[in-house]
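Work through the exercises below with the model open. Each task is followed by its solution in steps.

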Amino acid sequence: MGLRPAAQGLLAAVDAFAAPAEKASGSGGPSAGAGLTRPGAADEVPPGPPAGTRPWEGAAAAAGVLRDELSRPGRYHQARARGVVERLMGVELGAAQETALDVWGAVYGAASEILHGRAARPGEAAALYTDTLVAARNLLVPLAARAARLLELAALEHPGAAEAQELAGWTDPRAEGYFFRSRPATAWLTVLQEHSPHLLMPDPAAEGRWPAAPFLDHVAATDPAAARTWLDQPAGDDGAPRVRRAQRIGAAGRLALDDLLGLALRHRDVVDAGHLQALLPAARRGGGPGAGATLRRAARWARTVPCAERRGPWIAAVEVLLADAVEDEHAGHLALHAVARRVRSRMRAAGVLDDTTDDATTDDAVSGKDAGDWAAAEAEMDELIALQGAARLPDHDVAALVRELARTAYPAGPARPGMGAVRIVLAKLLARDIELTAEGARPVVHAADLDQVRIGDTAAFGGPRLARAVLDVAAADADAGTDLDRRTAPFRRVAGLDARLHTRLMAAHLVHRPPDPAAGDGPQWWQQALALVPQAPTRKGLCAG
């Protein structure tokens, strides 16, 4: 792996332990919104531990890797060889090239033992000399002189162990990248996995740069079963058999996660939805435009999965994306509110704004020196709006995901088995949105007539859209003959948070789905309806009148 990647892997695992303040505020709290204002925030966050591991397991595994690297002899000479390569070629080496340079440590260790008294085995001196010549050639031969051999290897239909080891000995990352982009035979997948598996994996120290991604794309197009089997196999290098190779790849960094999502977009039968569902919680890590691009790619993948193929893992993945969107919306509102307060206070202090009714606090007070800087604060607010827009899932993508999730329960005809999870997920999202909305603001956010709300419409707040989706699924349940108590059970998640909205949901559903005599749910319907209007006359009284 190399010393530097091992050290960075340990730092990433340690960073996976959330600080107490971060745990208290949550991933979408005010601290998350404020973090968007830090330039280069995405570059400061190293890749996290493998998906599916607890933080301590990830830290212990990473520490073991670093400890092994520190115990290996010849690291000084490997570092010198690295300096030679980077100076001659003008490129920065990755994890695969670090591994290729291990030969210098091995040669130095063997030679040092012989010089200090160990008897040389027969032929060992010649072998050391040969290894040194090969290592020097890999170190010093320029890319142009290596081109012919590179093309020969890429054209091989039946490579073997010797060719895999030769490829692993190259110290020029450009040659490795060109080889994988050359669409070599799919047989290379098995050979490299057996003899040089590190070449197929991304580089966590380089934000997840994955040179082998074009090759995996080629394998997925040529032999989908082989690609899927390889991605589904246990990673096998950290003692955590439940971590699959696809999860290890996506956890290496944003670049690898983006490549994996792209692979799922082009070959949805190759990448399992369960692997992506386990990786998507880390998609927002670091914020910035990179996070927004990853979220948009994930939303596009979710929309392209046909309804017939949407199972529990797909629903869970969409829930992750929509839950993040809910958190981002409210974190953005809090951050913008804080900046807007500073703008108003500075404008007020400068005499530009005469707003005595505004709820100014002592926290808003500014000095005379800063009073004239309200224009800079306004520019800060504009910049924050732009950063938040780039770092979150766009509103039209959120609307499309909500619509796709709602229609998944009844794609055409009767409900599919297990699709009751759709009701639960939508109700959970609506409940979370209500929790994050200030109590005094809830009547304003949900002021619109629910009959006039459309899921696909642009909206300033996401709550009404989620409420509409909950009602649409309940209506589809009613049309399919689902029992009234069962189809309205998810509404109860809202009752404890916002009784007014719960009453509106129940009333809207009962009005648009009156009791069906054939279904025999009349008594249930009347019981629910009378509970909403306790002062109304009883059904018996209505009939008598």
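**Exercise 1.** By class, how many nonpolar, polar and charged residues does the lining of the largest cavity have?

*Solution.* The model is predicted. Start with the cavities: the structure holds 2 of 30 Å³ or more. The largest has a volume of about 40 Å³. Next, list its lining. Val-422, Arg-423 and Leu-426 belong to it, as do Val-470, Val-473 and Ala-474. Arg-487, Pro-490 and Phe-491 complete the list. Now sort by class: the lining has 7 nonpolar residues, no polar ones and 2 charged ones.

**Exercise 2.** Which elements give two or more residues to the lining of the largest cavity?

*Solution.* Take the lining residues, among them Val-422 and Val-470. The elements that give two or more are α24 and α26.

**Exercise 3.** Are α24 and α26 roughly parallel or roughly antiparallel to each other?

*Solution.* Helix α24 spans residues 420-436, and helix α26 spans residues 463-479. Their packing angle is about 155°, with the axes 9 Å apart. An angle over 145 degrees counts as roughly antiparallel. The two helices, α24 and α26, are therefore roughly antiparallel. As for handedness, α24 passes α26 in a left-handed crossing.

**Exercise 4.** Which residues make the contact of α24 with α26, and how do they divide by class?

*Solution.* From α24, take Val-422, Arg-423, Leu-426, Ala-427, Leu-429, Leu-430 and Asp-433. From α26, take Gly-463, Leu-466, Ala-467, Ala-469, Val-470, Val-473 and Asp-477. The contact residues divide into 10 nonpolar, 1 polar and 3 charged.

Technical notes
Residues are numbered from 1 along each chain as its sequence is written. This is a predicted model: local features need pLDDT of at least 70, side-chain atom pairs count only at pLDDT 80 or more; totals for chains, interfaces and linings use all residues. Side-chain values use heavy atoms; hydrogens and water are left out. Axes are lines fitted to C-alpha atoms, for helices over the stretch in contact, and angles run from 0 to 180 degrees between N-to-C directions. Helices (H or I, at least four residues) and strands (E, at least two) are DSSP runs, numbered from the N terminus. Angles under 35 degrees count as roughly parallel, over 145 as roughly antiparallel, 65 to 115 as roughly perpendicular and the rest as oblique. A crossing is left-handed if the near helix is turned anticlockwise from the far one by less than a right angle, and right-handed if clockwise. Contact means heavy atoms within 4.5 Å. Ala, Val, Leu, Ile, Met, Phe, Trp, Tyr, Cys and Pro count as nonpolar, Asp, Glu, Lys and Arg as charged, and the others, Gly among them, as polar. On a 1 Å grid over the protein atoms alone, a cavity is a set of points where a 1.4 Å probe fits but cannot get out, and a pocket is an open set with protein on both sides within 12 Å along at least five of seven lines; lining residues have an atom within 4 Å of a point. Grid points are joined across faces, edges and corners, and a volume is the space filled by probe spheres set on the points.
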